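Open the structure in your viewer and keep the selection tool ready. We will go stop by stop.

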Amino acid sequence: MAQVGGLGRKYLYARDSQVFAVTPAQGVQTTGQTSFVATTPTFLIAKTDGSSTRTIPLSALLGLTGTQAGGAISVAVYIDSTDRYSSDGTALVIKPMAMGGVVGPGFRVYSNATASAASDAVRRVAEFTISSTLEIPLAIDFEGEVQIGQVGSILIYTWAATTGPTWSPNFVIAEERLT
């Protein structure tokens, strides 16, 4: 874990920001794709409100569920300076992790939404392959290093060759005030 003055970044975000748990409705799972297509992310974090906040994913915990195809599952994370949400998808539930005095989030999270075309500023920040027989949840520790300013998107793609992987997702996302 990255350290800032002896304290972990997650602690500092929890202390100085609003932190939210993001999950699907109880019992709802998300199925990824069978190939990479830039307009069909498995998960999309989008921010359009232009508020003076920065959206900072801290972690994602993706548990494989159900019967998976054999072989490898590919995972890719992209960031874009525009709101890529176009339509459809399932909105995930966003709840504050602290009680009282919490302002609603300036971001939204969807599973299997349709994304608009990428801007010229899009960039891949991670891509890797995992086994479809993974018996523990896939943990993506963003460490606060992937961020959305006043407007933007983070897109997480998952795909496997014959059957899209099915996930039970959990995210922790901080929102930092810029002013």
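The tour runs from the whole chain to single residues.

**Before you start.** This is a predicted model: local features need pLDDT of at least 70, side-chain atom pairs count only at pLDDT 80 or more, and totals for chains, interfaces and linings use all residues. Residues are numbered from 1 along each chain as its sequence is written, and side-chain values use heavy atoms, with hydrogens and water left out.

**Whole chain.** Color by pLDDT, the predictor's confidence in each residue, from 0 to 100. The chain average is 86, and 88% of the residues score at least 70. Now switch to cartoon. There are 1 helix and 16 strands. These are DSSP runs numbered from the N terminus: helices are H or I with at least four residues, strands are E with at least two. Of the 179 residues, 42% are buried (under 20% relative accessible area; exposed is over 50%, partly exposed in between; 1.4 Å probe, protein chains only).

**Residues 1-7.** Select them next. Here pLDDT stays under 50, and the model has 14 contacts beyond four places in sequence for this stretch. A contact means heavy atoms within 4.5 Å. Where pLDDT is low, the predicted coordinates should not be read in detail. Strand β1 (residues 3-4) has the lowest mean pLDDT among the elements, 42. For the highest, 97, go to strand β12 (residues 114-115).

**The open sheet.** Select six strands in this order: β9-β11-β5-β15-β7-β13. They form an open sheet with antiparallel pairing. At the edges are β9 (90-91) and β13 (123-131), each pairing on one side only. Two strands pair if DSSP finds at least two bridges between them. Zoom in on β5 (residues 43-47) and β15 (residues 152-160): they pair over 5 bridges. Which residue of β15 is the bridge partner of Phe-43? Pick Ile-156.

**Ser-168.** Move to strand β16 (residues 166-177), where Ser-168 sits. Ser-168 counts as partly exposed because its relative accessibility is 30%. Show its neighbors: Ser-168 touches Leu-61, Leu-62, Gly-63 and Thr-65, leaving aside residues up to four places away in sequence.

**Two loops.** Most residues other than glycine have a negative phi. Select Asp-88, in the loop between β8 (85-87) and β9. Its phi is positive, about 60°. Asp-88 counts as exposed, at 53% relative accessibility. Finish at Asn-112, in the loop between β11 (107-111) and β12. Asn-112 also has a positive phi, near 50°. At 31% relative accessible area, Asn-112 is partly exposed.
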